[in-house]
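Dear colleague,

Please find below the structure that I am handing over to you. My findings follow directly after it.

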Amino acid sequence: MTATIEPSQAELLPAVRNFLSGTKKFLVGGQWVESANGETFETIDPADGQVLTTVARGGAEDIDRAVRAARKAFDEGPWSTMKPNERERLIWRVGDILSERADEFGQLESLDNGKSAGIASAVDVAWSADIFRYFAGWATKIEGSTVNVSMPFVPGGQFHAYTLREPVGVCGLIVPWNFPLLMAAFKLAPALAAGNTVILKPAEQTPLTALLLGEVFEEAGFPPGVVNIVTGYGDAGAALSAHDDVDKIAFTGSTEVGKKIVDAAKGNLKKVSLELGGKSANVVFADADFDAAVTGSLNAWLFNHGQCCVAGTRMFVEDSIFDDFTAAVAEAASQVKIGPGLDPTTQLGPLVSQEQFDKVTGYLAAGLADGARALTGGKRWGESGFYVEPTVFVDVKPEFSIVEEEIFGPVVAALPFNAQEGVAKAANSSIYGLAAGIWTKDLSKAHLTARQLKAGSVWINQYNGFDTAMPFGGYKQSGWGRELGATAIDLYTQTKAVNIAL
């Protein structure tokens, strides 16, 4: 692992420096407000553990205020009475402003999350802008259908029957800390395109780009109460999930918390969609393009510092190339440049928090104690900040915690497989089913293996092959529903059947 120079925060854009000054309020009913009880919390720079700024800590009373504002905006307008093309223009404008302020959002995301500012601008912010533009177009394309009904119990009757696609109503959106802005866009854009009003609750570790996004909605001209943003801890998320005047909850996060969301939502049986954990299989056959598979497999578990729900952290490699391939991946991992996200040369930044650092290093210790061997890495990096060396484990068994459980850090466990015995059974032996990768030059083998893998996304000769038009979600305990693409509109609409006797 290569060291890097600590960049000075003197490199911050003036807009970012100004944004960080003073205690940050949250957005309710078109007003920036303090929490009802005056509580605040600090958000930390994971590169050095220093305080970035102080943020208002919302609780149940603040959630109730936000829900009432969203309900009023939905029931009384003007959002509910606005023409679809008017909503389209507003949502599109959000995408344009994000593009115009990409460097500002990128730096802020880097400071709060630890990721590379350059990658945050080029990937997180750019893709978020694309998502708002894509779903802006959907605002004018949500349609019902006419139905040629038979009505067999009314002989001779004539009828006109049709369906309407209508917004669900008030939506609570709870997003994680690994892609704070991007996961907000995943939910906000389709929810708003469908005509809903929303309360966004960002993760307490990374609240800042959500608050800056609130300024963007104001600049774009959204009516008060359509978008509300409440920062806080899990108690705020729990209050939002349980609120009887919330019609739908969309959550991205761990499977453990997802189950709590479901339990909290049962009071009024609100609609729930969940994008949860993963322990994705990345399958490398002996006939793969070796160099491309090494690079792609490294990216599969190192992207976003391994803090990625789709990370290919179970690397299944055909036995005939296992030693050479894992050695090559380990060598590539050992050359990755580690450092703070504001350094443009950084390839691997810090984990998001002390809590996450402790969790990941705990898994490293557990893996070594179980008998796994680290070809590279296996410990923390540096003496300050929440850095962990990229780690490649071999000599692992399926029952090891590093193989079974989601680590959410730059750690991969490599397991050999025999082509004659197949790989699908081992790859599917997980409670998760979010994503998978396949590397082979044999397209028949690729297609057949893709059918066998129980995963919501399967990428062939690539990894992290996302596109806004492609549905995203998981099998098994990786979640309910599909985000992105046309299917995302289903999450935020309901169907009404109308039947008229003529």
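I begin with A327, whose place is in helix α11. Please bear in mind throughout that this is a predicted model. A327 has a relative accessible area of 42%, which lies between the limits of 20% for buried and 50% for exposed, so this residue counts as partly exposed. Between the C-alpha atoms of A327 and A435 the distance in space is 24 Å, while 108 residues separate the two in sequence.

Helix α11 covers residues 322-334 and also holds D324. At a relative accessible area of 56%, D324 is over the 50% limit and is therefore exposed. From D324 to V28, the C-alpha atoms are 56 Å apart, and the two residues are 296 positions from each other along the chain.

The partner of helix α11 that I examined is helix α10, residues 290-302; the axes of the two come within 10 Å and cross at roughly 55 degrees. Because of that angle, α10 is oblique to α11. The crossing of this pair is right-handed. On the α10 side, the contact is made by F290, A293, V294, S297, L298 and W301, and on the α11 side by D324, F325, A328, V329, A332 and A333. Sorted by class, the contact of α10 with α11 comprises ten nonpolar residues, one polar and one charged. D324, described above as exposed, is thus listed among the residues of α11 that meet α10.

Helix α6 is the next element, and I looked at two of its neighbours.

With helix α3 (residues 84-100), helix α6 (residues 180-193) has an axis approach within 10 Å and a crossing angle of roughly 165 degrees. The two helices are therefore roughly antiparallel. Their crossing is left-handed. R87, I91 and L98 are the residues of α3 that meet L181, L192 and A193 of α6. In this contact, five residues are nonpolar, none is polar and one is charged.

With helix α7 (residues 208-220), the axis of α6 again comes within 10 Å, and the crossing is at roughly 40 degrees. That angle makes α6 oblique to α7. The handedness of the crossing of α6 and α7 is right-handed. Here P180, L181, A184, L188 and L192 in α6 meet T209, L213 and F217 in α7. The contact divides into seven nonpolar residues, one polar and no charged.

I turn now to the aromatic residues. The structure holds 16 aromatic pairs. One of them joins W127 and F186 edge-to-face, with the ring centres 5.4 Å apart and 75 degrees between the planes. W127 lies in helix α5 (residues 117-138) and F186 in helix α6, so this pair links parts of the chain that are distant, 59 residues apart. W127 is buried, because its relative accessibility of 16% is under the 20% limit. F186, at 2% relative accessibility, is likewise counted as buried.

W127 forms a further aromatic pair with F466, and this one is tilted: the centres are 5.5 Å apart and the planes 45 degrees. Again the pair links distant parts of the chain, since F466 is in the loop between β19 (457-460) and β20 (475-476), 339 residues from W127. F466 is partly exposed, with a relative accessible area of 29%. W127, F186 and F466 belong to one aromatic cluster, together with W459, Y463 and F472.

Which residues does T468 contact, leaving aside its neighbours within four places in sequence? The contacts of T468 are W127, D130, I131, Y134, F135, L484 and G485. T468 lies in the loop between β19 and β20. With a relative accessible area of 3%, T468 is buried.

Yours sincerely

Definitions and conventions: Residues numbered from 1 in each chain as written. Predicted model: local features only at pLDDT ≥ 70, side-chain atom pairs only at ≥ 80, totals over all residues. Heavy atoms only, no water. Axes fitted to C-alpha atoms, helices over the stretch in contact; angles between N-to-C directions. Helix = DSSP H or I, 4+ residues; strand = E, 2+ residues; numbered from the N terminus. Parallel < 35°, antiparallel > 145°, perpendicular 65-115°, else oblique. Left-handed = near helix turned anticlockwise from the far one by under 90°. Contact = heavy atoms within 4.5 Å. Nonpolar A, V, L, I, M, F, W, Y, C, P; charged D, E, K, R; others polar. Phe/Tyr/Trp six-rings, centres within 6.5 Å; stacked < 30°, edge-to-face > 60°. Buried < 20%, exposed > 50% of the residue type's maximum accessible area, 1.4 Å probe, protein only.
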